[in-house]
Every structure is written in C-alpha cells, then in structure tokens.
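I opened this entry to record what I looked up, in the order I looked it up. Confidence came before geometry.

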Amino acid sequence: MSTARQPASVTPPPAAQEVLQRHYAGVASRFAAFAVDVGVSTGVFLAGLGGLAFAVSIVTRHSVSWSKDNIVVGIIFLAWLFTYYAYSWGGGRQDSRDGTAGGAGGCVRWHRSRPPAGVVRTLAFPLSFQFLGLGFLGILVQRDRRALHDLIAGTVVIYDWDARAARLRFLARESRTDPADPAQSPFTQTG
Amino acid sequence: MLEFVDPVDRLRTAGKPMTDPLELRAQVVAEHVIDLVVHSLDMNYLVRQVDLNAVIAQVDLDELLARVDVNAIVRRVDIDALVEQTDIGAVIARSSGGVASDALDVLRSQAVGLDEFIARWVARLRRRAYTEAPAPPVRRRVRARP
C-alpha cells in the first residue's frame, strides 16, 4: 500500500457535497427521479405480467397474452402504479413529524405532517398535469419548490442521499486517477 | 513557666554553615555515581532478562481499554485527509461501491448542476437574487411542558 499522495485539488461534485443535503430539489432532479420511477414501475409491472402469463401457461397448458387495451390489465396497472407511488412517497422513515421516503430515483420526499401523505400525494399527482402541467410551475417559482400535488399533500422534495459515501467514492476515484491528467476524472471542476 | 527546649537545636544551628556545603557536594557525587552506573549497565542485556510475556500477562487489558474513549479518538481522525492521502479510499471504493454507484453519483451531480442552472435563470428572469438552493428551516425541538 503506497502512502503520501498529494491531496486532491478538485472540488467534490454536488452529489458528494454534504452541505447540499436536505435542500429543496430542483426541477431537473425531480424529473430525473420521476423518469426512473416510471421506468422501474413499468418494468416491474411488465415483468410481473410476463411471469404471471408464463405461470398460467404452464398450469393450463394454454398460452396467455395480455393486451394493453384490456380493461382488467389497465385497472391492475393503475392499482400497481398507485401502490408503487403511495408506498415510495409515504413509506419511508418517519420520526415525530417529518419523514423521508423516495422512489427508485433517489430523490427523496420529505413529508411534513400526516402519515398518509404518500397516498394523498399520489392521488393529487395527476392534477399537476392538468392545464399543460401548470401545477408544476410551483417548482420553478416557489421558494420551497412545491408543485400542486405537494401543496395538497403537504410535502416537499429534498436532496437526501448518502453524500458522505459519495464523497468517499469521489476521493477514492481521485486517488486512483492521475492528478496530472484531468481527462481521467469524470469530474473536471477545479477548486 | 517552663518551655520545651530542644537540646540539639543550638548544636544544629552552629553546624549549619558546615553541613550545607557538604550536602551539596554529596549530591553532586551521588549524581556522578548514578551516571557512571547507568552508563556502565548493558540495558539491552537487562531488558532481555525481563520476561515480557509474564509482565503482559499481569496487565488487565480489558480494564485498560475500558478507560479509553475509542469514539473520541475516532472523531479526532480526519478521515477525509486519510482517504485523500493514502490508498484506503481505493480499498473503500472496491468494497463499498461499484460502477452503478459511480454512475449514480455522476447522474445526481449532473441533475443538481442542472437544477442550479435552471434556478439561476428563473431568478434572473424574475429579477430576483439567487445564491444557493433553498433549504427548509431547521426546526427546533420543543420540549413538552409537564
């Protein structure tokens, strides 16, 4: 194990800055988290549907196919989406008044008050899409970056990931890469 | 009324000018002798004669360690500097992180950077000052009154 390297002179990327934690998340982070949530929820549903069709075909020896126009499949899909988002947005850790919970995107919601905030938020979420997505305007103009469904559910969205672990990973990367060659580092901001 | 008189007291007072220099000289001689003895000793030989295992066996390490506040010591260690200046970081990365974690870090950083970029432009359009991402106020814990 070699020692006595020169300290890295590179500023940690935002993901590795603990000072940013628990700040209100912006529109890009929220959209990225939502996109990941949509991908994960749809992927898991399709995988489950495929698995179910396979199981049914083995038991009944008849091939089963699901149509997206099938009303039953549509209802099951909606119920799955509701369960996924209500749990993701409301099933996180909770202390006396506040709690955090997150979807697969890693951008975590901080619920201000009631335990069923995840349920209310999920039910109110489609409202933000109304009138050309006017409900999302609050993310851009409000200080606490709350959309319409956040206002209804009494929730806010904050950055909440393990920034310390990210910082350690960043420092490890810096120690492995050649300090003279910034092209080796994925982060090229200089401090 | 009779008082107690030390019979040797007068003799001691009289002899003091003579004993003081002698005492000083004796001290110098003693120091010199100790120096000579210590230098003539083979300390390595002496240490080899000591059964250190027996000495260590007498020490209650549990009691000794119980007195040490390990958490306080660890808190004083600058982990970041340690990771930065050694290969410990690489070991941590190998054990705790993978390509997916690194990719997630990059994605999060890009997203936060984009958040800031958008927030700055919106603030500029609204002619408002923008310094950093706003945060919820720190809530003070209110102790319930009995």
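These are my notes on the two chains, their elements and a few single residues.

**Entry 1: confidence**

I am working with a predicted model. I checked pLDDT before anything else. Chain A averages 76, and 73% of its residues score at least 70.

Where in chain A is confidence lowest, and where is it highest? The lowest mean is 49, in strand E2 (residues 99–102) of chain A. The highest is 91, in helix H5 (residues 137–141) of chain A.

I counted elements next. Chain A has 7 helices and 4 strands. Along the sequence I read α-α-β-β-β-α-α-α-α-β-α. Chain B has 8 helices and 0 strands, so by the DSSP runs its pattern is α-α-α-α-α-α-α-α.

Of the 191 residues of chain A, 41% count as buried. For chain B I noted 16% of 146 residues.

The accessible surface of chain A comes to about 10,500 Å², and carbon and sulfur atoms hold 66% of that area. For chain B the figure is about 13,200 Å², with 61% on carbon and sulfur.

I also looked at contact range in chain A. Among contacts between residues at least 6 apart in sequence, 65% join residues at least 24 apart.

**Entry 2: helix H2 of chain A**

What sits at the start of H2(A)? A side-chain oxygen of Asn70(A) comes to within 2.9 Å of the backbone nitrogen of Val72(A).

I listed the buried residues of H2(A) too. They are Val73(A), Leu81(A), Tyr84(A), Tyr85(A), Ala86(A), Ser88(A), Trp89(A) and Gly90(A).

**Entry 3: nonpolar cores**

How many residues does the largest nonpolar core have? I found 12. From chain A come Ala15(A), Leu20(A), Ala25(A), Val157(A), Tyr159(A), Trp161(A) and Ala163(A). From chain B come Val112(B), Ala119(B), Ala123(B), Tyr130(B) and Ala133(B). Helix H8 (residues 99–125) of chain B supplies the largest share of this core, 3 residues.

Leaving aside neighbours within four places in sequence, Val112(B) is in contact with Pro14(A), Leu20(A), Ser29(A), Tyr159(A) and Trp161(A).

There is a second, separate core of 6 residues. Its members include Ala166(A), Leu168(A), Phe170(A) and Val83(B).

I went to His149(A) in helix H6 (residues 148–153) of chain A. Is His149(A) buried or exposed? Its relative accessible area is 1%, which is under 20%, so His149(A) counts as buried. Not counting residues up to four places away in sequence, His149(A) touches Arg30(A), Arg121(A), Ala124(A), Phe125(A), Ser128(A) and Phe136(A).

I then took Ile79(B), in helix H6 (residues 79–85) of chain B. Its relative accessible area is 31%. Ile79(B) is therefore partly exposed, as that value falls between 20% and 50%.

**Entry 4: positive phi**

Last, I checked backbone angles. Most residues other than glycine have a negative phi. I wrote down two exceptions.

Arg61(A) has a positive phi of about 60 degrees and is not a glycine. I found Arg61(A) in the loop between helix H1 (27–60) and H2 of chain A. Its relative accessible area is 75%, so Arg61(A) is exposed.

Phe131(A) has a positive phi of about 50 degrees, again without being a glycine. Phe131(A) lies in helix H4 (residues 130–133) of chain A. At 71% relative accessibility, Phe131(A) counts as exposed because the value is over 50%.

Notes
Residues numbered from 1 in each chain as written. Chains lettered and ligands numbered in written order. Predicted model: local features only at pLDDT ≥ 70, side-chain atom pairs only at ≥ 80, totals over all residues. Heavy atoms only, no water. pLDDT = per-residue confidence, 0-100. Helix = DSSP H or I, 4+ residues; strand = E, 2+ residues; numbered from the N terminus. Buried < 20%, exposed > 50% of the residue type's maximum accessible area, 1.4 Å probe, protein only. Polar contact = N/O pair within 3.5 Å; in protein donor to acceptor, adjacent residues only side chain to side chain. Core = buried A, V, L, I, M, F, W, Y, C linked by side-chain atoms within 4.5 Å. Contact = heavy atoms within 4.5 Å. Areas by Shrake-Rupley, 256 points an atom, 1.4 Å probe, with all protein chains shown as cover.
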